[in-house]
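Group the points by topic and keep the wording plain.

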Amino acid sequence: MLVLGIETSCDETAAAVVRDGKEILSNAIYSQEDVHAPFGGVYPELACRKHVDLLIPIVERALRSACLSLSAIDLIAVAKGPGLIGALLIGVQAAKALALALDRPFVGVNHVEAHLYAAMMPVSSSLPLPALGLVVSGGHTFLVKIHALGEYEAIGHTVDDAAGEAFDKVAALLGLPYPGGPAIEALAREGSPHAHAFPLPKVKGHPWHFSFSGLKTSVLYAAKGQNASKSTPCCLSRQQKADIAASFQETALRAIALKTKEAAQAFGCQALFCGGGVCRNQRLRALLAEHCGALPLFFPEAKLTLDNAAMIAGLGYHQYLRAQKGDALELEPLTRIPIA
Ligand code: KG4
Ligand code: ZN
């Protein structure tokens with residue numbers, strides 16, 4: 001079954017063709033990073049305008065690199081949320097229009113579940129179950145128990161910022177460019193993770209929940225002085241910034257790795273599947289490997305860690321097989337959709 005995936009939930013305009021949920025025939029992505037960088041974060045109105053301009057050329061590019069015409073497509077899968085509502089609407093309307101014009105079914109896919117699926121893709125026919133799912137992206141941070149593909153039990157989630165959001169905000173404090181995650185990881189290599197003893201974030205009474213706002217405040221005070229505000233100028237040397245970046249990264253990622261290890265043990269999980277932009281971070285991968293011992297760890301391949309449409313097409317295939325039908329044309333995108 002050939003599935004055309006469409007992804008427009010945030011600032012990537014993406015289309016992909018995937019065969020039978022697994023074999024990626026093409027994966028076209030236009031990252032709008034340069035458009036949003038001057039604003040230090042995603043500017044929703046600009047993201048929508050870019051999606052309108054780029055979506056059809058990106059779908060054409062995905063088909064061309066798969067050497068296919070639209071008529072060969074059996075199913076259309078689209079990210080239906082969570083995400084920016086205007087941005088989602090563009091992808092969902094395009095998918096509905098294609099489904100109607102081609103007389104093919106379409107399915108709306110949960111973008112965050114698709115981040116997890118990106119790690120499951122190579123082993124989707126024989127998943128080690130039950131497994132633990134860890135999503136660490138710019139908008140979401142949570143742990144779920146995976147009973148089966150599409151069947152999740154909530155374990156813990158962030159009570160304030162998502163992990164990627166914390167990286168982006170700390171980067172902004174240090175005057176680093178957006179997106180902050182890669183900039184922090186690169187600068188952290190020049191610094192000492194022991195330079196600042198930031199307290200390990202914990203949520204009282206909720207061992208599996210995450211919190212990053214207290215850590216963010218500790219970083220603010222370390223960078224700009226006690227009781228400083230975001231607008232206080234940052235007058236640090238590169239080495240001082242590197243030490244803060246390294247200490248922040250180590251503390252945030254160690255908290256994630258520790259909770260993941262403890263949840264895997266407490267919930268009897270056979271493997272860990274990790275998804276979302278922050279799992280590109282090599283220090284996170286090293287800490288998870290260090291803490292999780294013999295637990296098999298699965299990460300998406302590099303091109304599937306950030307927002308992409310191959311993960312949407314792949315998961316859409318399984319969703320369609322399970323339901324044996326597509327979604328109704330009345331389907332509306334949603335800014336928030338829990339996966340469990
Ligand atoms: O999953 P994603 O592409 O978008 C969402 O669905 O949110 O993740 C983007 C997030 C951004 O916050 C970015 O700073 C973070 O992932 N990120 C990283 C790294 N690469 C991207 N965070 C830490 N280390 C990285 N190397
Ligand atoms: Zn995402």
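N227 counts as exposed because its relative accessibility is 63%, and the cut-off for exposed is over 50%. This is a predicted model.

**Backbone angles and peptide bonds**

- Most residues other than glycine have a negative phi, and most peptide bonds are trans.
- N227 has a positive phi, near 65°, and is a residue other than glycine.
- N227 is placed in the loop between α7 (213-224) and α8 (238-266).
- Q324 is likewise a residue other than glycine with a positive phi, in its case near 60°.
- The peptide bond from L129 to P130 is cis, and its omega is near -5°.
- P130 sits in the loop between α4 and β6 (131-136).
- Y178 and P179 are also joined by a cis peptide bond, with omega about -5°.
- The loop that holds P179 runs between α5 and α6.

**Helix α10**

- Helix α10 covers residues 310-323, which is 14 residues, so at 1.5 Å a residue it should span 20 Å.
- Of the 14 residues of α10, 11 are buried, so the helix is mostly covered.
- The buried residues of α10 include A310, M311, I312, A313 and G314, and Y320 is also one of them.
- Among the elements that cover the buried residues of α10 are the strands β1 (2-7), β2 (12-19), β3 (23-31), β4 (75-81) and β5 (106-110).
- Helix α4 (111-120) is also part of what covers the buried residues of α10.

**The segment after α10**

- Q324 follows α10 and is found in the segment after that helix.
- Q324 is exposed because its relative accessible area is 62%, and exposed means over 50%.
- L329 also has its place in the segment after α10.
- Leaving out residues up to four places away in sequence, L329 touches K96, L100 and F106.
- L329 and A14 are 315 residues apart in sequence, and their C-alpha atoms are 21 Å apart in space.

**The surroundings of ligand 1**

- Which residues come nearest to ligand 1? Of the 20 residues around ligand 1, they are G138, D168, G181, E185 and G277.
- A polar atom in the side chain of E185 lies 2.7 Å from a nitrogen atom of ligand 1.
- A polar backbone atom of G277 is 2.9 Å from an oxygen atom of ligand 1.
- An N or O atom in the side chain of D307 is 3.3 Å from an oxygen atom of ligand 1.
- On its own, ligand 1 has 560 Å² of accessible area, and the protein covers 90% of that.
- The elements that give two or more residues to the shell around ligand 1 are α4, α5 (163-173) and α6 (180-188).
- α6 gives the most to that shell, with 4 residues.
- The residues of the shell around ligand 1 comprise 5 nonpolar, 11 polar and 4 charged ones.

Technical notes
Residues numbered from 1 in each chain as written. Chains lettered and ligands numbered in written order. Predicted model: local features only at pLDDT ≥ 70, side-chain atom pairs only at ≥ 80, totals over all residues. Heavy atoms only, no water. Expected span 1.5 Å × (residues − 1). Buried < 20%, exposed > 50% of the residue type's maximum accessible area, 1.4 Å probe, protein only. Contact = heavy atoms within 4.5 Å. Near = heavy atom within 4 Å. Polar contact = N/O pair within 3.5 Å; in protein donor to acceptor, adjacent residues only side chain to side chain. Areas by Shrake-Rupley, 256 points an atom, 1.4 Å probe, with all protein chains shown as cover. Nonpolar A, V, L, I, M, F, W, Y, C, P; charged D, E, K, R; others polar.
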